[in-house]
Amino acid sequence: MSHQTPQTIDTLISARWIIPVRPAKTVLENHSIAIDGGTIIAILPKDEAMARFDANYGIDLPEHALTPGLINAHGHAAMSLFRGMADDQPLQTWLEEFIWPAEGQWVSEEFVRDGTQLAVAEMLRSGTTTFSDMYFFPNVVAKVASEAGIRAQIAFPIFNFPTIWGQDPSNYIEKGLAVRDDFKHSELVDVVFGPHAPYTVSDEGLQKVSMLAAELDISIHIHVHETQQEVDDDLKLYGQRPIARLNELGILGPKTQLVHMTALTEEDIAIVKASGASVIHCPQSNLKLASGFCPVKVLAEDGITIALGTDGAASNNGLDMFAEMRTAALLAKAVSADASALADWQALEAATLGGAKALSMDTKLGSLEVGKQADIIAIDFSAIELQPVYEPISQLVYTACGHHVTHSWIHGQQVLADRQPANLDIPEIVAKAQNWRDKIITTKH
């Protein structure tokens, strides 16, 4: 009987459960994931894996579940430095009286760097391996993400009016495309268009984005239908609802990411469905700002891709995608008066494969499948709060929290080990955050 020589590979991760997301609702017990060159090359029973592979690095996690890394499809990372600063205010007041003035006073390259590091550390420690960001100084955000080893889709902001980062739509676009150019060979960073919202960008600016996005085949990330107020204002100003207006301006298409999407009519949903655009649902931020409800059950039944985002920590207060999954599942049930709406496996899918589809990355991310990149997180199911385990997927969505994540890998590189990020200095990040608070508080009083 001939013994085959084991194949030498980079990494072999074995765990009690593997939840690959594809095929849907699958849970594999006592399996291993073999990784080489950043890519998943096999998923098979542990004993077979041990016989077949000789790994340069092997880890056995007998009490853990492995899932694809979570994808936080919408946020403003640097705003973590404003966490808890202006709570319990409605959206317009929150923006106009608190957030915009604070941004005007404080936002700088240094602020964005420190705030993004703070957010990235929190995201890595709570299972996020890819995040989408829309904020000033996208060049700084891209650099922080690259250095931390986390994936990022960076939507450079576009407004009609001057801000610290740009003057007018043409200027924002020019600067944003320069950042895209700087990172075009990056394995981790993708730079896309981020027109802020229908009410902050003119028809002309939106048409320019639509034309360039089609020409360059780049995604568009935009806040839309965040509140009923926004819809009412657009009806007064333009005689049509924001979704219809964006559709006429050519903004909607398969690479468009529509963030928030509350206050939707059947007609709005039909337009989105026909366009192939994705919806990014931010349940906790929408609840906290009383912005309204996104009808995820209806969208899912219509086959529209749904991704999840935390929004910024200034309007959510945390960047934990486990909390977001749970809230999304619970809210969908309450809104549709149907306890089976957005089942556990669908909530997990929205946080993984849904995010990958929305970001046009589903050929390489979002599920644990041979040929996809190894973006993997390990969740410790031995914790007392998670006992006993009947259904691992239910446990992930309805019980687990970000702090149960112990390890993660992005493109096969370990970026979190025993809850410690590999490339970030936690005490230094904490000290900088506290410095910013001290500065901001002193000038407020």
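The model is predicted, with local features needing pLDDT of at least 70 and side-chain atom pairs counting only at pLDDT 80 or more, while totals for chains, interfaces and linings use all residues. Residues are numbered from 1 along each chain as its sequence is written, and side-chain values use heavy atoms, with hydrogens and water left out.

Within α6, colour G205, L206, V209, S210, L212 and A213, which are buried, meaning under 20% relative accessible area with a 1.4 Å probe and protein chains only. Their cover includes β7 (151-158), α5 (169-182), β8, β9 (220-224) and α8 (242-248). Just after the helix, stop at D217, whose phi is positive, about 55°.

Next, select F193, which is in contact (heavy atoms within 4.5 Å) with, among others, V209, L212 and A213, as well as I173, L177 and I220, when residues up to four places away in sequence are not counted. F193 and F111 have the most contacts inside the largest nonpolar core, which has 118 residues; such a core is a set of buried Ala, Val, Leu, Ile, Met, Phe, Trp, Tyr and Cys residues joined through side-chain atoms within 4.5 Å. Helix α3 (residues 109-125) gives this core its largest share, eight residues. Domain 1 (7-68 + 374-411) and domain 2 (70-359) both contribute residues, so the core lies between them; the domain bounds come from an automatic or database assignment. A second, separate core of 14 residues includes I13, I33, L61 and A374.

Finally, select E103, H196, E226 and D311, which the unreviewed UniProt entry annotates as "binding site", an annotation that may be inferred rather than shown by experiment. H196 is in the loop between β8 (189-195) and α6 (203-216), and this histidine is buried at a relative accessible area of 12%. Leaving out residues up to four places away in sequence, H196 touches M134, I158, F159, V201, I222 and H223. E103, by contrast, is placed in helix α2 (residues 91-106); with 9% relative accessibility it counts as buried, and its contacts beyond four places in sequence are M79, F82, Y135 and F136.

Note on methods: Helices (H or I, at least four residues) and strands (E, at least two) are DSSP runs, numbered from the N terminus. Buried means under 20% relative accessible area, exposed over 50%, partly exposed in between (1.4 Å probe, protein chains only).
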